[in-house]
Amino acid sequence: DYPYAGAFRVNYPLTKRKVREIANRIKQAYLDSDPVWGIDLDDPGLFELAIKVEKALDTAIDHELDEEDDLSLALFSAAHHGIGALIPTWLYHEERVRTLESWEGWDGLTVEGMQGLIAFEAKYPNWREEPELVKLHAQLRNGQRVMREITATLPVLNHPDFQFIEAKRLRVFPSVEGYEGLRTTPVYGFLTTYTRFQLEQLVEEDVIDAEALGRLLPQAGAGAHGDADDAQAQQEEFEVFQGTIRYRLPGDEQASRYKVWYAPKEQVLLRCRFFPWWYYEADLLPFYVRMEEPGFFKRGIASDVVEEHTILNVLLNLYLNGIDRANSMEWKAKYRSLGYAYIMSKRWSPHIPAPWKDNPNEIESMSKPLSHLGDIVTGLELLRRQSDEASGTSTLQSGRESPTDPNAPGNKTMILLQQVQPNEKDIL
């Protein structure tokens, strides 16, 4: 409860600060490892190739924002909630882009001069069927240099990727012992939200079955105007469980791993296929900060600072309320006088004179000591330091070591800058 109307109730950012510090240190240690991923091959002849691939993956992790963002989310979740999870995926995206093509014309003398004509025919084997291409081909034969601006669908993203999974969307038996337990557990996975448009895209990419999607979508119905292809219907969301099960289907000699796509609310199985990775390990990568507890889900750093967080919240609000009470204007007035009615109406302002009727002493302001102003400056300095720790940057980047002393040197500025997030430190 508030001690009085208008009292402070400020949350001290202790948990966020602690979690961010730990997550940033883990991320720095992860990115500083060389290589980030090691490749284990059975064929010694591929050793040099494995080293090149390791370096390429290391460069991708250091400079590819997609992987770095998901890694940061996973490490922050591990420090905050006790577990962070990544799944390996392949990021592929095509886009319509404008490109400029050019070919050198045939000089009519040498075979080398026909390279432009040969390249044109190789790229457009059906050039005889399109009048525009026939015209370009004739120009090349006559020795003219041809330039053509075209619109083409090209892959703009095509590389391995990691996808962050929120802890609340993971579906794993609590008794599973970490990553090792995923190798033998009957089922594990996570929930994902897809729109109708995205599900139809998965059908085109042969990720889920078209027949199964047909059983799912009629249950959802069309949009507000009765058209399943309108914008509102295309943005309708469905929860899909993407999981790995260990099951013995009819015809299997023993239990095998399968990947399943299942809509739990509609109870529709969208796809069931063999485990697609050419590897025996699980495709869910959990990150932990604390390993002293059994089970798959563990407590995070937030649970360790609950008491300290509560105490600091109380002390901070006591400090702010004390400043408020010490500097707020307070009045004393004769009971039921004009000044008393003026104050109780809550319409008074420091810029409007207080009224009185019979006696000027009916209402007067209470005097306040000014000896606490120095303590307020000290409090502001403490709050500044707390904000620096919470935000991960420094207020002293102006070069001054203290905002309350203009002549203070800035010899600690660079030391403080080294404590910010790893990617910011690399840029600096």
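A salt bridge here is a side-chain nitrogen of Lys or Arg within 4 Å of a carboxyl oxygen of Asp or Glu. This is a predicted model, in which local features need pLDDT of at least 70, side-chain atom pairs count only at pLDDT 80 or more, and totals for chains, interfaces and linings use all residues. Residues are numbered from 1 along each chain as its sequence is written, and side-chain values use heavy atoms, with hydrogens and water left out.

**Salt bridges**

- Side chains of opposite charge can pair when their charged atoms come close.
- Searching the whole structure turns up 14 salt bridges.
- Arg-145 and Glu-104 form one of them through their side chains, at 2.6 Å from N to O. Arg-145 sits in the loop between α5 (131-141) and β2, and Glu-104 in the loop between β1 and α4 (115-123), so this pair ties together parts that are 41 residues apart in sequence. Helices (H or I, at least four residues) and strands (E, at least two) are DSSP runs, numbered from the N terminus.
- Arg-145 counts as partly exposed because its relative accessibility is 47%, and Glu-104 is partly exposed at 46%. Buried means under 20% relative accessible area, exposed over 50%, and partly exposed in between (1.4 Å probe, protein chains only).
- Glu-132 and Arg-148 also meet in a salt bridge, at 3.7 Å from N to O. Glu-132 belongs to helix α5 and Arg-148 to strand β2, so parts that are 16 residues apart in sequence are tied together.
- Is Arg-148 buried or exposed? With 16% relative accessibility, Arg-148 counts as buried, while Glu-132, at 47%, counts as partly exposed.
- Glu-149 and Arg-98 meet in a salt bridge too, at 3.4 Å from N to O. This pair links distant parts of the chain, with Glu-149 in strand β2 (residues 146-165) and Arg-98 in strand β1 (residues 84-103), 51 residues apart. Arg-98 counts as exposed because its relative accessibility is 52%.
- A network of salt bridges links Arg-290, Glu-292, Glu-293, Arg-299 and Asp-304.

**Pockets**

- On a 1 Å grid over the protein atoms alone, a cavity is a set of points where a 1.4 Å probe fits but cannot get out, and a pocket is an open set with protein on both sides within 12 Å along at least five of seven lines; lining residues have an atom within 4 Å of a point. Grid points are joined across faces, edges and corners, and a volume is the space filled by probe spheres set on the points.
- The largest pocket holds about 1300 Å³ of space. It is lined by 32 residues, of which Thr-89, Trp-90, Leu-202, Glu-205 and Val-207 are the closest to its centre.
- Strand β1 gives the largest share of that lining, 8 residues.
- The second largest pocket has a volume of about 1100 Å³. Among its 29 lining residues, Trp-37, Gly-38, Leu-57, Pro-88 and Tyr-279 are the closest to the centre.
- The lining of the second largest pocket has 22 nonpolar, 2 polar and 5 charged residues. Ala, Val, Leu, Ile, Met, Phe, Trp, Tyr, Cys and Pro count as nonpolar, Asp, Glu, Lys and Arg as charged, and the others, Gly among them, as polar.

**Cavity**

- The structure holds 1 cavity of 30 Å³ or more.
- Residues lining the largest cavity include Leu-182, Tyr-188 and Arg-257, and β5 supplies the largest share of the lining, 3 residues.
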